[in-house]
Amino acid sequence: MKRHTIFLCFVVLILLHVRPALAQSKAEPGFDKLKSLIGEWQGKNPEGTPLRLTYQLFSGGSALVETMEPGGDRPSMITVYHLDGDNLMMTHYCSAQNQPRMRAKPMASKVNKIDFSFVDATNLANPSDGHMRGLVVTFADDNHITQEWTFLEDGKESPWKFEFERKK
């Protein structure tokens, strides 16, 4: 009987510690919506040059990696999306050779749009140097998305809008 009681106490202690880890993040619906993008996408930049996006899930489902291939002689870029407690975060590894981190604004339970705002950046020597300041991802339907990036340089914001279609 004593052994049984000790075992039950041990199980209860483990469950008390595991339960918070199993609680769903408030940002999980947004992350799940982003994970629905897994696969290949095609689109064009504002100048009409073809672009390709690829979404892949890594690290046991905890990181979604977006690879943007802008075509021509422009270098590829990656963006990594992940949860951080109740926040949906992203880090953009930019061809400007800096790495802005952004946090999504709180979302409704039905996610049609995710609005990321600048938190900080690595490898940004001066705040006036060119870097991405924001990203809005809009989900038109299961096969069409829009990305609206905001680039900031010398105090001037430049919007960049890209429309993508799932490659079939």
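**View 1. T54 and the residues it touches.** Leaving out residues up to four places away in sequence, T54 touches G39, E40, V65, E66 and T67; a contact here means heavy atoms within 4.5 Å. T54 sits in strand β2, residues 50-58. Strands (E, at least two residues) and helices (H or I, at least four) are DSSP runs, numbered from the N terminus. Is T54 buried or exposed? T54 is buried, because its relative accessible area is 12%, and buried means under 20%, while exposed means over 50% and partly exposed is in between (1.4 Å probe, protein chains only).

Before you look further, a word on what you're seeing. This is a predicted model, where local features need pLDDT of at least 70 and side-chain atom pairs count only at pLDDT 80 or more, while totals for chains, interfaces and linings use all residues. Residues are numbered from 1 along each chain as its sequence is written, and side-chain values use heavy atoms, with hydrogens and water left out.

View 2. Two strands count as paired if DSSP finds at least two bridges between them. Pick out E66 and look across to β4: its bridge partner there is T79. Strand β4 also pairs with β5 (residues 87-93), again in the antiparallel sense, over seven bridges. Which residue of β5 is the bridge partner of Y81? That's M90. β4 and β5 make a hairpin with two residues between the strands, and G85 in this hairpin takes a positive phi near 65°.

**View 3. Strands β7, β8 and β9.** Five bridges hold the antiparallel pair of β7 (residues 113-122) and β8 (residues 131-141). On to the next pair: β8 and β9 (residues 144-153) run antiparallel and are joined by nine bridges.

**View 4. Zooming back out to the chain.** The chain has two helices and ten strands, and along the sequence they follow the pattern α-α-β-β-β-β-β-β-β-β-β-β. Of its 168 residues, 33% are buried. Among contacts with a separation of 6 or more, 37% come from residues 24 or more positions apart. The accessible surface is about 10400 Å², with 54% of it belonging to carbon and sulfur atoms; such areas come from the Shrake-Rupley method with a 1.4 Å probe, and for residues only the protein chains shown count as cover.
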